[in-house]
Amino acid sequence: MAPVNAACIQEPTHRPNPPLSQEDQGIPLIDLSSPDVDALVEAIGHACRQWGFFQIINHGVPSEHLHRVEEAVRKFFHLSPDEKRKVRRDARKVMGYYDTEHTKNVADWKEVFDYTANEPTLAAASVDEDDDRVAYWENQWPQNPPEMREACQEYAKDMLELATRLMELIAMSLGLPARRFEEFFRDHTSSGRINRYPPCPSPELVLGVGPHKDPGVLTILAQDEVGGLEVKRKSDGQWIGVKPIPDAYIINLGDVLQVWTNGQYESVEHRVMVNSVKERFSIPFFLNPSHYTMVAPLEELTQEQNAVNYRSYNWGKFALTRKRSNFMKLQVENIQIQHFKNIPSQHYIPDSPRVFG
Ligand SMILES: O=C(O)CCC(=O)C(=O)O
Ligand SMILES: [Fe+2]
């Protein structure tokens with residue numbers, strides 16, 4: 001087993017504390033096949049407000065599609081490091097394999113494969129606010145195993161369908177028309193990811209993924225039976241283990257939804273613990289808007305609340321800034337959604353890092 005690299009070691013206050021983590025204390029479980037739409041919308045609204053995190057069952061995604069991805073990626077991750085690095089992600093090619101991701105400047109104990117769902121994806125070329133040039137993200141599929149490409153592409157279609165349905169339910173839970181969010185996804189920048197967390201000789205010192213909030217609209221996550229994901233409960237800040245449930249998906253709200261709802265719904269911090277015995281796989285799908293979307297609180301909701309709680313920002317530039325900071329260790333704090341929060345009677349936030357560029 002590879003020894004723990006110093007770059008992965010968490011500050012003592014961030015280290016996992018397995019004996020204290022309580023599994024699944026009330027994380028909502030929602031049956032999407034319920035014929036009572038009003039009750040479903042109410043359950044979704046409640047879960048979004050109280051937790052920002054919930055699990056769904058009977059979601060309509062064929063389980064064979066997920067199993068096909070699981071089998072293919074297991075073969076891929078068990079190839080030699082040299083073989084995997086043939087499709088390595090770098091600063092220019094933003095999709096592919098990598099094993100150097102950092103969350104908030106500490107290296108994660110994991111390896112990853114990323115692919116874009118809408119290929120080629122129209123994206124921002126630069127983090128500079130005055131630079132309007134666009135780039136196209138393309139996928140790098142491994143030659144081995146050859147079936148991985150098709151399995152992931154088929155799965156991405158399922159995820160988009162499910163995400164569209166969830167966004168309709170979320171819109172209704174806010175008293176908005178079901179298709180209120182549709183306009184933001186014309187050239188969506190959604191992506192799929194496979195996380196593999198190898199067994200670790202010192203799981204008490206590291207995290208598979210450090211505490212973070214997902215930056216996009218929402219995440220649909222499949223986890224295997226090993227467990228390790230924890231969510232920070234909004235009501236008391238306790239870390240709660242998210243119990244693996246066969247055939248369920250975990251949904252967590254991202255920062256964009258927090259801003260669109262003017263803070264009515266919040267993205268929630270989560271992290272991943274690893275263990276010394278078993279490898280773990282998780283398969284998230286990140287629903288993201290078109291790169292040119294100016295993310296801002298929806299007018300209907302700011303009128304209702306008579307306040308605008310966030311400044312608007314360009315999604316493509318935000319996403320690119322975050323992608324770069326996750327890829328290497330930086331000397332400054334990386335960009336976070338709280339930097340866009342409006343503070344009454346204050347025009348700027350003195351200690352915020354430079355936002356773009
Ligand atoms: O592995 C998990 O359970 C969660 C991973 C995660 O939070 C992420 O990839 O953003
Ligand atoms: Fe996450």
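**Note on the predicted model**

1. Among the contacts in the protein between residues at least 6 apart in sequence, 76% join residues that are at least 24 apart. The model is a predicted one, and its secondary structure comes to seven helices and 19 strands. Of the 357 residues of the protein, 38% count as buried.

2. A reader new to the structure may wish to begin with the largest nonpolar core, which has 81 residues. The members that touch the most other members of this core are Phe-54, Ala-163, Leu-218, Ile-220, Tyr-249 and Ile-251. Helix H4, residues 148-173, contributes the largest share of the core, namely 10 residues.

3. Which residues surround ligand 1? The shell is made up of Arg-193, Asn-195, Val-209, Asp-214, Leu-221, Gln-223, Leu-229, His-270, Val-272, Ser-282 and Pro-284. At least two residues of this shell are supplied by each of strand E10 (191-197), strand E12 (218-223), strand E16 (270-272) and strand E17 (280-287). Sorted by class, the shell around ligand 1 has five nonpolar, four polar and two charged residues.

4. The packing of two helices deserves a separate point. Two packed helices are described by the angle between their axes and by the distance between those axes. For helix H2 (residues 63-77) and H4, the axes come within 9 Å and cross at roughly 140°, and the crossing is left-handed. On the side of H2 the contact is made by His-65, Leu-66, Arg-68, Val-69, Ala-72, Val-73 and Phe-76, while H4 brings Met-148, Ala-151, Cys-152, Glu-154, Tyr-155 and Asp-158. By class, this contact of H2 with H4 has nine nonpolar residues, one polar residue and three charged residues.

5. Two cis peptide bonds may be checked in the backbone. The bond from Glu-119 to Pro-120 is cis, with omega near -5°, and Pro-120 is found in the loop between strand E7 (111-116) and strand E8 (121-124). A cis peptide bond also joins Asn-144 and Pro-145, where omega is about -5°; Pro-145 lies in the loop between strand E9 (134-137) and H4.

6. Positive phi values are a further backbone feature to inspect. Asn-58, a residue other than glycine, has a positive phi near 50° and lies in the loop between strand E3 (53-57) and H2. Asn-262, although it is not a glycine, has a positive phi of about 60°, and Asn-262 is found in the loop between helix H5 (255-260) and E16. Is Asn-262 buried or exposed? Asn-262 counts as buried because it has 21 C-beta neighbours inside 10 Å, and the cut-off for buried is 20 or more. Asn-58, by contrast, is exposed, since 12 other C-beta atoms lie within 10 Å and a residue with 12 or fewer counts as exposed.

7. A last point concerns Arg-49, which is found in helix H1 (residues 37-50). Arg-49 counts as partly exposed because it has 14 C-beta neighbours inside 10 Å. Arg-49 and Ser-267 are 218 residues apart in sequence, yet their C-alpha atoms are 10.0 Å apart in space.

Key. Residues are numbered from 1 along each chain as its sequence is written. Chains are lettered from A and ligands numbered from 1 in the order in which they are written. This is a predicted model: local features need pLDDT of at least 70, side-chain atom pairs count only at pLDDT 80 or more; totals for chains, interfaces and linings use all residues. Helices (H or I, at least four residues) and strands (E, at least two) are DSSP runs, numbered from the N terminus. Two residues are in contact if their C-beta atoms, placed from the backbone, lie within 7 Å. A residue is near a molecule or strand if its C-beta atom, placed from the backbone, lies within 6 Å of it. Ala, Val, Leu, Ile, Met, Phe, Trp, Tyr, Cys and Pro count as nonpolar, Asp, Glu, Lys and Arg as charged, and the others, Gly among them, as polar. A nonpolar core is a set of buried Ala, Val, Leu, Ile, Met, Phe, Trp, Tyr and Cys residues joined through C-beta atoms within 7 Å. Axes are lines fitted to C-alpha atoms, for helices over the stretch in contact, and angles run from 0 to 180 degrees between N-to-C directions. A crossing is left-handed if the near helix is turned anticlockwise from the far one by less than a right angle, and right-handed if clockwise.
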